Amino acid sequence: MTVTLEFLARELEAELHGPADAEVSGLGTIGAAGPRQLTFLANPRYRAFLENTSAGAVLLSADQREHCPVPALVVKDPYLAFAKASHFFDTAPRVPAGVHPSAVVDPTATVPESVSLGPNVVIEADVVLGEGTVVMANSVIGAGTRIGEQGRIWPNVTIYHGVTIGPRTTIHSHTVIGADGFGFAFNGAGWTKVAQVGGVRIGADVEIGAGTTIDRGAIEDTVIGNGVILDNQIQVAHNVVIGDHSALAGKVGIAGSSRIGSYCMIGGAVGISGHLEICDQVQILGMSLVSRSIKEPGTYGSALPVDKQDRYRRNVARFRHLDELSRRVRRLEKARGGNSED
């Protein structure tokens, strides 16, 4: 799509510095964008790229305007404006409404004429699809599931029975929603499975990345709030609750019955133990292990940063003696009749 800078200024509520009729037809990075591409500067550390950019236009804040040699669109939040502008250049194919001849649709399912069902899609009994929903090739929607309007299900997604999904939610390929949670009781000789009788409830405007798994509840539902974004390859165990507008990066694993608040941000490969509570507005750094509840907003982390191998090995050897060292310090403090600050 080709748009004028005047159009972008109007849609993004930006202050335009440059010719209104100039056009851009794509997106680029601040260092590599060409004369027909729109880019942005959100971090002043990259100002050197701005000063030498060949972009057709740059989204930036007012304090960077004087350093921009090309047309500029001044906004309060350049990255947010870029996110909005990106949709004008989206290359995802537009899928026409209709049911592919190879799709299998149970006669009890509700499928409006505005819905698109791709090749080999399976829609089981009593499924209800909202207006404008797209279900792409080889995806399966289990019995009794409800999907709100304008949902977008990419190829090879499996949604089990009894799942509820709000409007405008996107689910990417190879995601599985509503599989059984990991519930077993040891019977002395082996394991007796606990029937997972709960469901999954997903809110509106949720985005779920490729290869993510959201287990159904053991008794009550697993719940994903409105506006949540989940990256690729995340594991959400049974009875987990994720509050509105939280964001989880790839490889996060959440054990059963933990509750995550609203507006939380959880970095990649974080592990969260079961039956914990994380309050609203918590940020957890990547590779951290959360083994206790977090009751106060803020930023938390527990991972060790990468280091030179020889120094890392020395530190690991010292870590093994921390308990012994702690006991020695306590004995010395007791012998002195005070503490280490005396």
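The following questions and answers concern a predicted model of a protein.

Student: What does the C-alpha trace of the protein span along its principal axes?
Tutor: Along the principal axes, the span of the C-alpha trace is about 80 × 65 × 35 Å.

Student: What percentage of the residues in the protein are buried?
Tutor: A residue counts as buried when its relative accessible area is under 20%. Of the 342 residues in the protein, the buried share is 39%.

Student: What part of the accessible surface belongs to carbon and sulfur atoms?
Tutor: The accessible surface of the protein comes to about 18900 Å². The part that belongs to carbon and sulfur atoms is 53%.

Student: How far apart do the centres of the positive and negative side chains lie?
Tutor: The protein has 35 negative side chains and 30 positive ones.

Student: Which residues of helix α1 are buried, and where on the helix do they lie?
Tutor: The buried residues of α1 are Leu5, Leu8, Ala9 and Leu12. Seen down the axis of α1, they fall within an arc of 100°. An α-helix has 3.6 residues a turn, so residues three or four places apart point the same way. The buried residues of α1 therefore line one face of the helix.

Student: Which elements are among those that cover the buried residues of α3?
Tutor: Helix α3, residues 78-86, has Pro78, Ala81, Phe82 and Ala85 as its buried residues. Down the axis of α3 these residues fall within an arc of 100°, so they line one face of the helix. Their cover includes α1, β4 (26-27), β5 (37-40) and β6 (57-60).

Student: Is Ile123 buried or exposed?
Tutor: Ile123 is placed in strand β11, residues 122-123. Not counting residues up to four places away in sequence, Ile123 touches Val104, Val105, Asp106, Ala109, Leu117, Leu129 and Ile141. The relative accessibility of Ile123 is 2%, and the cut-off is 20%. Ile123 therefore counts as buried.

Student: How far apart in space are Ile123 and Ala103?
Tutor: In sequence, Ile123 and Ala103 are 20 residues apart. From C-alpha to C-alpha, their separation in space is 8.0 Å.

Student: Which residues is Val176 in contact with, leaving aside its neighbours within four places in sequence?
Tutor: Val176 has its place in strand β20, residues 176-179. With a relative accessibility of 23%, Val176 counts as partly exposed. Its contacts, leaving aside those neighbours, are Thr158, Tyr160, Thr212, Thr213 and Ile214.

Student: Where is Lys251 found, and what is its phi?
Tutor: Lys251 lies in the loop between β30 (247-248) and β31 (253-254). At 52% relative accessibility, Lys251 counts as exposed. Lys251 is a residue other than glycine with a positive phi, near 70°.

Student: What distance separates the C-alpha atoms of Lys76 and Glu333?
Tutor: Lys76 is in the loop between β7 (72-74) and α3. Lys76 is exposed, with a relative accessible area of 86%. Along the chain, Lys76 and Glu333 are 257 residues apart, and their C-alpha atoms are separated by 56 Å.

Notes: Residues numbered from 1 in each chain as written. Heavy atoms only, no water. Buried < 20%, exposed > 50% of the residue type's maximum accessible area, 1.4 Å probe, protein only. Areas by Shrake-Rupley, 256 points an atom, 1.4 Å probe, with all protein chains shown as cover. Lys, Arg positive; Asp, Glu negative; His and termini not counted. Charge placed at Lys NZ, Arg CZ, Asp CG, Glu CD. Helix = DSSP H or I, 4+ residues; strand = E, 2+ residues; numbered from the N terminus. Arc of directions from axis to C-beta. Contact = heavy atoms within 4.5 Å.
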